[in-house]
Every structure is written in structure tokens, then in C-alpha cells.
Amino acid sequence: MTYDIQVIGGGLAGSEAAWQLAEAGLTVRLSEMRGAGEMTPAHHGDSLAELVCSNSFRSDDADSNAVGLLHQEMRALGSLIMREGDRHRVPAGSALAVDRDGFSTGVTAAIAAHPNITIVRERVDTLPEGPAIIATGPLTAPALSDSIAQETGKDALAFFDAIAPIVHRDTIDMDVAWFQSRWGKGDGTDYINCPLDKEQYHAFVAALIAGEKTEYREWENVPYFEGCMPIEVMAERGVETLRFGPMKGVGLDDPRTGRWPYAAVQLRQDNAHGTLWNIVGFQTKLKHAEQVRLFRTIPGLEKAEFARLGGLHRNTFLRSPELLDATLRLRSRPNVRFAGQITGCEGYIESASIGLIAGRFAAAELTGRTLAPPPVETALGALLTHITGAAEAETYQPMNVNFGLFPPIPGRTKKADRKKMYTDRARAALSEWLAA
Ligand SMILES: Cc1cc2nc3c(=O)[nH]c(=O)nc-3n(C[C@H](O)[C@H](O)[C@H](O)COP(=O)(O)OP(=O)(O)OC[C@H]3O[C@@H](n4cnc5c(N)ncnc54)[C@H](O)[C@@H]3O)c2cc1C
């Protein structure tokens, strides 16, 4: 069988990528191992684009929510995932939730009926020689993972994530927190420090130990590595453990007292725009609501808004900012693009959107055109830029789309108006890009 390009993995990203390629007139071999006697630990059936957990695509509000804006952009770009999501919508307020079976059956039927796509039920074990998009997801089968790791180097492909919460910078109370690197080293603006006194520290440690944790299924269980141990596990080791670890107060001069605090929480810049800051060493298995409640008891973070909450999962993902070029090609093997969660985005819609743009980049290349990446002011452009270069490669961890990835709105703006300004600016930028 001859075809123009192979797409490996028929999940959210691979289905969308195959659709975009086929709609552009290219012939696609879509290789999916489910249906060939293989299964991931999270999938249950053979349908393409199976939703492995929740049936929600999250907020559908395109005026004040970054994922809602991404929905809107994907619809404008002819997304199959959004078309079937809209067709199989179930009531969920301002969120877009779908009938999961109807949705994946709809995607499978559309792909199977497309004259340019051949679905082949097969497991792929090696990196292809010809043009390909790899969209094998967080649970990529082991032989292919090995082959990818051989190409990228072992350290550039992770099998577990260890996510610390990320806070929007403009929600940190800088009357309490202050900029300083420990012992005055480095640039004085590398860290933001939040001080705790003895009583606050002890109450915080006790609350961490008592906090409700996420229960994992056996296959999801993440081995704990020194250096990325969950914060509550460290707390359980002894009341002083955190004070000699990520919550050390030494070497930090609280400008309000002129002294080192009893303990401190440090945040480090997480994106080039300086809008997102991660809480250093706070990877955690606490439930999301519990994280918000507890981390808002930290002085300076009482009104914190979180761009991402912490977690630890089994998750295959590349160190994309270093390995991929601006159009998602593997730098060392440009015939291969990556798409979906394996690039380090997180979530059904984010994965599908990166599948969409990977498909469009590949279609342009194979038909001798160049496609400029979508502008960074759009949700798709902001997420893509984060994956392919804006994020710090060394500490790269999976990310949802959020306004912290967008370039800040210049000048002073009222916080209440800001989200609408982001989304209006994004729509204008997308229209211009589409017109070009
Ligand atoms: C347990 C779990 C729960 C999650 N829950 C949610 C949630 O509730 N909401 C949310 O937004 N996101 C969730 N995610 C995160 C993520 O958005 C989804 O995993 C999403 O499906 C990722 O899309 P994808 O296309 O990148 O990968 P997938 O949808 O996983 O698709 C990858 C496909 O590749 C196939 N494949 C793998 N290896 C090979 C191979 N070697 N050869 C051929 N085919 C192969 C797989 O069978 C699969 O069909 C969850 C992830 C996990 C693991």
C-alpha cells in the first residue's frame, strides 16, 4: 500500500492529524494498535479517540477561558474532534461535555469513511523512515518508546511526570512575598519567597499529612525518586524534613523583619513572559481542591490563582522545547513530527489541537508550501510556542493551555477586563493568520 504519510496512534491527536492531512488531499496510513490484540492500561475498546477518563472538554466559554478559546480556534480550523464533540454534546452548563461512546464512534466513522485515510490495526515498534506523525500518547507502547529514546537520548523521554503547582504571578501578594535568591546569589529576581513563622509552618505540615490524596490504580503508581518526592510524603518523614528541604528559610532576608523566616516557600519563574511561577519542590498527589485550599494558607498566596495544579502520573513525554522545531519536527530526524500528549501538552483538547496543527504543518510541507506557526497571541499559538521553545527544557513538565502562556497585555489593565482582552486579541490574530 502506498500513502503520503503515516500517522501512528489513533487517539485524540492522531485522529485529528489524520483528518487534517486527508482534508488537505494527502493519503494517510493511520496505525492504531488497539484492535490488533493490544491495549493500553487506560483504554477499554477499539474506537479511535477514546476518552480514557472524564467526558469533559472543559469550559466552552471563548470570551474568558483559554480552553474555551482553543475550542473556538479549532472549530475555525475545521477540527474533527470539535465537530464530533459538538454533535455529541450533553448538558454541562458552560462546559462542553460529550456522550463518550457517541463521540468516539462518530470520530471512528468519519475517519473510516474518508477516502484518503486507511486505518491499519497494527503496533508500530520503530521510528518510521518516511514522513510520519507520532501521536502515541501518554501510554506509548514500550518498544516504540525504546526506539524514540534511542533517537533522543534516554534523559529526553520521561515516563512519569512530577508536576508542581503553577501560580499566576499577578495573584501573588508582593506586600508579603519578596524577590530574592538564597544567599543573595544569582539574579535577585530568580525566586519569589513566601515566609512562614513557626506556628504557620507546623500547621501547614500537619495539614499536608492530613490532606486528602488522589488514589491511583496500580498501573498508574509512580515510583518516588529522590528529588521529586511528593511534598506530603516528605512531610510524613518528620516534622523538620521540609524545613531542611524545599521549605528552608536560611539565606533569605525577609524585608519586613530583616531576618530569615522560620520556613519559606519559594516560587521560580516558569515561562519566558514571567507570568507563571511554579512552587519549587511542591509536586504532590493531594486532590486538586485540597491543593487550592492548602496552598492558599501560605502567606502571600492567599489569593493565588493556579494555572496548573500539582500531580504525579505515568506519562510518556518528550523534552520537546529542546528536541522539536517550531513545526513539531524532531530536529535530529525531520521526517518525523510528534503530536498530542507525548509532546508535553496535557488534556484531551490540548492533545487534539497539537494533532491538528501537526497535521497542517505536515500537509503544507508535503505539498511544497510553508505554513507559518499560528501567532503566539492565539491559544493554539501560545500552547505550541510553549512546547516548542518557550518553556524551560531542563524542568519541562506537561501543561494545559492557560492565559499565563500568552504574551501579557501591554500597559496597565483592570484584572476584570484582562481575559476578554486576551480573547479579543487572539481572535483578531487568528483571523489575520487565516487570511494570510
Ligand atoms: C489515565 C488517564 C486519564 C486521563 N484523564 C484525562 C481527563 O479526564 N481529561 C483530559 O482532558 N485528559 C486526560 N488525560 C490526559 C490526555 O489528555 C489523554 O491521555 C489524551 O487521550 C491524550 O491524547 P493523545 O492523542 O496524545 O493520546 P491517546 O488518546 O492516548 O492516543 C494514543 C493512541 O496511540 C495508540 N498507541 C500507543 N502506542 C502505539 C504503538 N506503538 N503503535 C500504534 N499505536 C499505538 C494508543 O492505543 C492510543 O490509541 C488522561 C490521561 C490518562 C493516562
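How many bridges join E1 to E2, and do these strands run parallel or antiparallel? The following legends take up this point and other close-up views of the predicted model.

**View 1. Strands E1 and E2 pair side by side in the parallel sense.** The two strands are joined by 4 bridges. Within this pairing, Val7 is placed opposite Leu30 of E2. Strand E2 is mostly covered, with 5 of its 5 residues buried. Burial extends to both of its faces: Val28, Leu30 and Glu32 lie on one side, Arg29 and Ser31 lie on the other, and all are buried.

**View 2. Gly9 occupies the loop between strand E1 (5-8) and helix H1.** A residue is classed as buried when 20 or more other C-beta atoms lie within 10 Å of its own. Gly9 counts as buried because it has 30 C-beta neighbours inside 10 Å. Apart from residues up to four places away in sequence, Gly9 touches Gly14 and Glu32, together with Ile134, Ala135, Thr136 and Gly137. The unreviewed UniProt entry lists Gly9 under "binding site", along with Gly10, Gly11, Leu12, Ala13 and Gly14.

**View 3. Gly14 is a buried residue of helix H1.** Its 31 C-beta neighbours inside 10 Å are the reason that Gly14 counts as buried. When neighbours within four places in sequence are left aside, the contacts of Gly14 include Val7, Ile8 and Gly9. Gly14 is also in contact with Leu30, Ala135, Gly340 and Gly355.

**View 4. A shell of 33 residues lies around the ligand.** Those that come nearest are Gly9, Gly11, Cys53, Gly137 and Gly340. Two or more residues of the shell are given by each of helix H1 (12-23), strand E2 (28-32) and helix H10 (348-366). Helix H1 gives the most, with 3 residues. By class, the shell comprises 15 nonpolar, 15 polar and 3 charged residues.

**View 5. Helix H5 (residues 142-152) has buried residues along one face.** Leu144, Ile148 and Thr152 are the buried residues shown in this helix. Seen down the axis of H5, they fall within an arc of 65 degrees, and therefore line one face of the helix. In an α-helix there are 3.6 residues a turn, so residues three or four places apart point the same way. On the other side of H5, Pro142, Ala143 and Gln150 are exposed. Just after H5, Gly153 adopts a positive phi of about 95 degrees.

**View 6. An open sheet is formed by 6 strands with antiparallel pairing.** The strand order is E10-E11-E12-E13-E9-E14. Strand E10 (178-179) and strand E14 (306-308) are the edge strands, each of which pairs on one side only. Inside this order, strand E9 (residues 166-168) and strand E13 (residues 276-279) pair over 3 bridges in the antiparallel sense. In this pairing, Ile166 has Asn278 of E13 as its bridge partner.

Notes
Residues numbered from 1 in each chain as written. Predicted model: local features only at pLDDT ≥ 70, side-chain atom pairs only at ≥ 80, totals over all residues. Buried ≥ 20, exposed ≤ 12 C-beta atoms within 10 Å, placed from the backbone. Arc of directions from axis to C-beta. Near = placed C-beta within 6 Å. Nonpolar A, V, L, I, M, F, W, Y, C, P; charged D, E, K, R; others polar. UniProt positions renumbered as here; feature names shortened; annotations may be inferred. Contact = placed C-beta atoms within 7 Å. Pairing = 2+ DSSP bridges.
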